[in-house]
Amino acid sequence: MTCILLLGGTTEASRMARALAEAGLAAEFSYAGRTEAPVAQPLPTRVGGFGGVAGLVDYLRARGISHLIDATHPFAAQMSRNAIAACAETGTALIGLERPAWAAQPGDRWTHVADIAGAVAALPEARARVFLAIGKQTLAPFVARPQHHYLLRLVDPPEGALPLPDAAAVIARGPFDLAGDTALLRDHAITHVVAKNAGGAGASAKLEAARALGLPVILIDRPRLPPRQVSATVEGVMGWLAGHTAPSTERGV
């Protein structure tokens, strides 16, 4: 019997949830719980972590999960690694719903870095006004460059003082558009953009705006994951589900 666990938190995950619900498939949606008011889904929904690989293994077995769709953010690498390990241990069929990474276009001034530390190191020594479009989880390393002014865009208001000495926050939820992001960069006199290569259309406007304004972008490359089956589209995942029978491995249910 097909029973699907959808790991979500992205626009693609919400589209996937609608497709599963419309197809009448038995599925549940899981949020990591980092957003205070997550988007409502048309599937039974849980919020919170699983407790590492062992906890996810227990959950897959207890719920009789036959298929897992990993539609988490491309930078939620630990969750994706846990899913790969847990599915291998339980014999659960796994596919990643992974949006293609952004590719540079004519006029882009991108510097690629491997991680957050690389992004900090790539900032100029002279004072700059930086749009730090990386969320709120990895801000602390930028304290090493206190001479800069940092503009953050967050989904939820910060609970306390920002961990940077000179920073401001804009509270907004995407998708964003070129006109809005161009105005944002101009109004805040931004000189540099730091972003993760998340891909997708909903967050690409900041890169288009930087291109239009001739601003340099420090782009953090995606973390590497172990090999797994991947689809770039909801339709591809639905086709995989249609042609993929539930595994026969005993899962202790």
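**Entry 1. Terms and source**

I count a residue as buried under 20% relative accessible area, as exposed over 50% and as partly exposed in between, using a 1.4 Å probe and protein chains only. I take helices (H or I, at least four residues) and strands (E, at least two) from DSSP runs, numbered from the N terminus. Residues are numbered from 1 along each chain as its sequence is written, and side-chain values use heavy atoms, with hydrogens and water left out.

**Entry 2. Confidence**

I looked up pLDDT, the predictor's confidence in each residue, from 0 to 100. The mean for the protein is 92, and 94% of its residues reach 70 or more. In residues 246-253 the pLDDT is below 50, yet this stretch has 19 contacts in the model beyond near neighbours in sequence. A contact here means heavy atoms within 4.5 Å. Where pLDDT is low, the predicted coordinates should not be read in detail.

**Entry 3. Helix α1**

I checked the length of helix α1, residues 11-22. The expected span is 1.5 Å times one less than the number of residues.

Which residues of α1 are buried? I find Glu-12, Ala-13, Ser-14, Met-16, Ala-17, Ala-19 and Leu-20. The buried residues of this helix pack against strands β1 (4-7), β2 (27-31), β4 (67-70) and β5 (93-97), and against helix α7 (234-243). Just after α1, Gly-24 has a positive phi of about 70°.

**Entry 4. Nonpolar cores**

I define a nonpolar core as a set of buried Ala, Val, Leu, Ile, Met, Phe, Trp, Tyr and Cys residues joined through side-chain atoms within 4.5 Å. The largest one has 20 residues, and Leu-6, Met-16, Leu-20 and Ile-69 touch the most other members. At least two residues of this core come from each of β1, α1, β2, β5 and α7. Helix α1 gives the largest share, five residues.

I then listed what Leu-20 touches, not counting residues up to four places away in sequence: Ile-4, Leu-6, Leu-25, Ala-27, Leu-43, Ile-69, Met-238 and Leu-241. A second, separate core has 18 residues, including Val-130, Leu-139, Leu-152 and Ile-220.

**Entry 5. Salt bridges**

I call it a salt bridge when a side-chain nitrogen of Lys or Arg is within 4 Å of a carboxyl oxygen of Asp or Glu. The count comes to nine.

Glu-12 pairs with Arg-99, with 2.8 Å between the closest N and O atoms. Glu-12 lies in α1 and Arg-99 in the loop between β5 and β6 (109-113), so I note a link between distant parts of the chain, 87 residues apart. Glu-12 and Arg-99 are both buried.

Arg-63 forms a salt bridge with Glu-28 at 3.1 Å between the closest N and O atoms. This pair connects helix α2 (residues 52-63) to strand β2 across 35 residues.

Glu-98 and Arg-228 meet at 2.9 Å, N to O. Glu-98 is in the loop between β5 and β6, Arg-228 in the loop between β11 (216-220) and β12 (230-231), and they are 130 residues apart. Glu-98 is partly exposed, with a relative accessible area of 28%.

**Entry 6. Aromatic pairs**

I pair rings of Phe, Tyr and Trp (its six-membered ring) if their centres lie within 6.5 Å; planes under 30 degrees apart count as stacked, over 60 as edge-to-face and the rest as tilted. The whole structure has three such pairs. Phe-29 and Tyr-31 have ring centres 4.7 Å apart and planes at 55°, so I log the pair as tilted. Phe-29 and Tyr-31 are buried. Phe-142 and Tyr-150 are edge-to-face, with 5.9 Å centre to centre and 70° between the planes. Phe-142 and Tyr-150 are both buried.

**Entry 7. Backbone**

Most residues other than glycine have a negative phi, and most peptide bonds are trans. I looked for departures from this. The peptide bond from Gly-174 to Pro-175 is cis, with omega near 5°. Pro-175 sits in the loop between β9 (167-171) and α5 (178-187). Ala-189, not a glycine, has a positive phi of about 50°. I place Ala-189 in the loop between α5 and β10 (192-196), and it is partly exposed at 41% relative accessible area.

Key. This is a predicted model: local features need pLDDT of at least 70, side-chain atom pairs count only at pLDDT 80 or more; totals for chains, interfaces and linings use all residues.
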